[in-house]
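Please examine the sequence and the structure shown below before reading the briefing.

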Amino acid sequence: MNNDNGYKSKTYKDAGVKKRITAKAMAVILALILALSLTLTSCGSSAEANTNGSAVTAESTEAADNAVSKSEMFTDRDLADDYDESKAETITLSGSSAKTSASSGVTINGSTIKITEEGIYIVSGTLSDGQIIVEADDAAKVQIVLKDASITSSDSAAVYVKSADKVFITSDKGTSNTLANGGSFTADGDTNIDGAVFAKDDITFNGSGSLTIDSPAGHGVVGKDDVKFGGGTYTITAAKHGVQANDSVRLAESDVTVTSGSDKDGIHVSDDADVENGTESDSFFYIADGSLTVTSGDDGIHADAAVNIEGGTIVINESYEGIEGLSISISGGSTTLTASDDGLNAAGGNASSGSQTFGSDDWGGGSRGGMNDGGTNGSIAISGGSVHITAGGDGIDSNGSVEISGGYTVVEGPAQGDTSVLDFNSTGTVTGGTFIGTGGAGMAESFTSAEQGLIAVSVGDQSAGTTMTLTNSNGDVIAETTPELDYSVVYVSTQDMTKGETYTLTAGSYSESITLTDNLYSTLNGGMKGSFGGGGPRGGMNDDANSGMQGDMNGDMNGGMHKGHGDGGKSGGHGPGERPDDVTGATQLTDGEAA
């Protein structure tokens with residue numbers, strides 16, 4: 001569990017490599033679409049409107065075959081909100097000093113408190129410039145109970161876990177607590193401490209009180225192993241990632257609010273060694289219940305391997321990409337996100353944005369890019385819950401498959417540009433649930449198959465606020481939505497739509513009567529894909545003459561090839577991604593230097 005090498009500082013440039021473009025290459029600038037809420041109602045659903053009229057829940061049936069469960073992710077002690085006070089020692093903080101009731105296991109040197117033995121320690125009072133260090137045996141479990149405690153370290157972590165089996169930071173019932181860094185960090189030997197809370201071993205935050213974590217110069221919470229939130233209310237503000245962990249970030253029975261810095265993720269789960277060595281990552285994010293609210297400069301939630309949403313409420317108010325992972329599974333809860341680029345992005349390898357490099361899978365298995373499908377090992381599966389996406393890039397973007405088998409999913413945007421409501425490399429299937437999408441027609445594609453009725457059509461240019469309605473042959477409303485972004489294509493699929501029935505789709509002046517001779521009726525591209533694929537990483541950060549160009553490009557324009565993503569164009573200038581040399585599809589790419 002404990003790594004003597006510590007947390008070593010690494011600088012990861014923005015994703016990808018810099019590519020030169022030829023004279024005939026096309027540059028597309030991705031329009032950044034601001035977050036606006038979607039007003040949605042649907043006949044036959046269980047949608048409930050909030051105070052401003054937007055639908056907030058619908059068809060939130062949990063999937064029966066969840067891959068993991070809360071009991072597997074958390075121990076009973078992780079979720080406990082109490083402690084055995086009769087076995088506890090006290091640590092009382094007072095300005096620049098402290099005192100303790102412990103006869104052993106605690107040493108105090110000025111404003112530095114060191115815990116060296118397993119046990120329960122109740123901490124109260126204020127430490128203006130100091131820290132608690134846990135340096136116990138590798139088998140020790142240490143519980144720090146915060147009872148109206150405030151700790152600020154001017155140049156390190158307020159709580160620094162050097163060694164233990166596991167540390168619990170428990171916010172006592174009815175108390176308000178603070179752990180903060182003062183604005184700078186000093187390394188501990190080879191360990192580059194860069195979080196207000198820094199743990200080399202497993203750490204769990206629990207209890208039923210509140211805790212504010214403030215890190216004006218670094219990350220909020222850094223965990224070398226697992227970081228769990230098993231109870232309590234948390235407000236985390238950081239100049240870098242809000243929560244950064246190597247192995248996992250897990251949330252249950254907690255209310256967590258995270259604000260991260262510019263170009264940084266709200267939740268970031270990535271193993272340094274995996275990224276450095278290019279090996280397969282198993283870093284993941286998991287939420288069972290509770291709530292997570294994120295405002296981020298880059299990804300709202302990023303995990304190298306998997307994002308599992310089985311319940312709870314997620315609100316991503318602001319992000320570049322909303323949720324990113326090799327696999328994204330949503331089986332319950334309510335997820336609402338706003339992204340200036342992709343909403344859900346399943347990217348291959350160790351893909352990330354903002355602070356980390358991409359694996360070779362993202363470039364189709366080679367450093368030069370070239371003729372490939374951009375990777376097909378990503379997956380996005382929605383089997384339950386409510387999902388609302390507002391995106392400026394692709395609403396749902398997978399370097400592999402997309403499967404909608406349940407739940408209630410709404411995608412709004414992009415309004416225009418070389419992106420679409422839906423983008424995938426292998427298959428896009430609908431087998432259940434409700435899916436409603438509105439967006440631009442530039443690169444719109446349909447699902448590849450459906451086991452229930454699905455309509456995907458162009459409806460002309462419709463302004464924001466124009467209601468789309470789908471009715472059956474009896475005039476009953478099957479689905480209805482009033483997007484707050486412009487749109488020109490509409491996707492509708494519900495369990496009420498069946499083969500052989502006739503439906504009328506109306507949007508502004510557009511109206512069409514559609515008979516489902518097959519389950520899937522589409523006037524879009526139908527998911528045709530050429531050798532450049534879709535859903536890959538954005539181009540790398542650079543300041544060359546091509547800065548700010550969008551990496552997304554059409555493939556062979558004569559052959560109907562689909563786009564090869566570079567997802568560049570973020571502020572500050574991103575290099576282009578893979579591009580064809582000319583419209584016949586030939587490629588001429590050069591190895592670019594690391595961004």
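Predicted model: local features only at pLDDT ≥ 70, side-chain atom pairs only at ≥ 80, totals over all residues.

Residues are numbered from 1 along each chain as its sequence is written, and side-chain values use heavy atoms, with hydrogens and water left out.

- Strand β36 (residues 428-439) is largely enclosed by the rest of the structure, because 11 of its 12 residues are buried.
- Buried means under 20% relative accessible area, exposed over 50%, and partly exposed in between (1.4 Å probe, protein chains only).
- Strands (E, at least two residues) and helices (H or I, at least four) are DSSP runs, numbered from the N terminus.
- Strands pair if DSSP finds at least two bridges between them.
- Strand β34 (residues 400-412) runs parallel to β36, and nine bridges join them; Val410 has Ile436 in β36 as its bridge partner.
- Strand β41 (residues 487-493) runs antiparallel to β36, with five bridges; Gly439 stands opposite Val489 in β41.

**Aromatic pairs**

- The structure holds seven aromatic pairs.
- Rings of Phe, Tyr and Trp (its six-membered ring) pair if their centres lie within 6.5 Å; planes under 30 degrees apart count as stacked, over 60 as edge-to-face and the rest as tilted.
- Phe74 and Tyr286 form a tilted pair, 6.4 Å centre to centre with 50° between the planes.
- Phe74 lies in the loop between α1 (70-73) and α2 (76-79) and Tyr286 in strand β24 (residues 284-287), so the pair ties together parts 212 residues apart in sequence.
- Both Phe74 and Tyr286 are buried.
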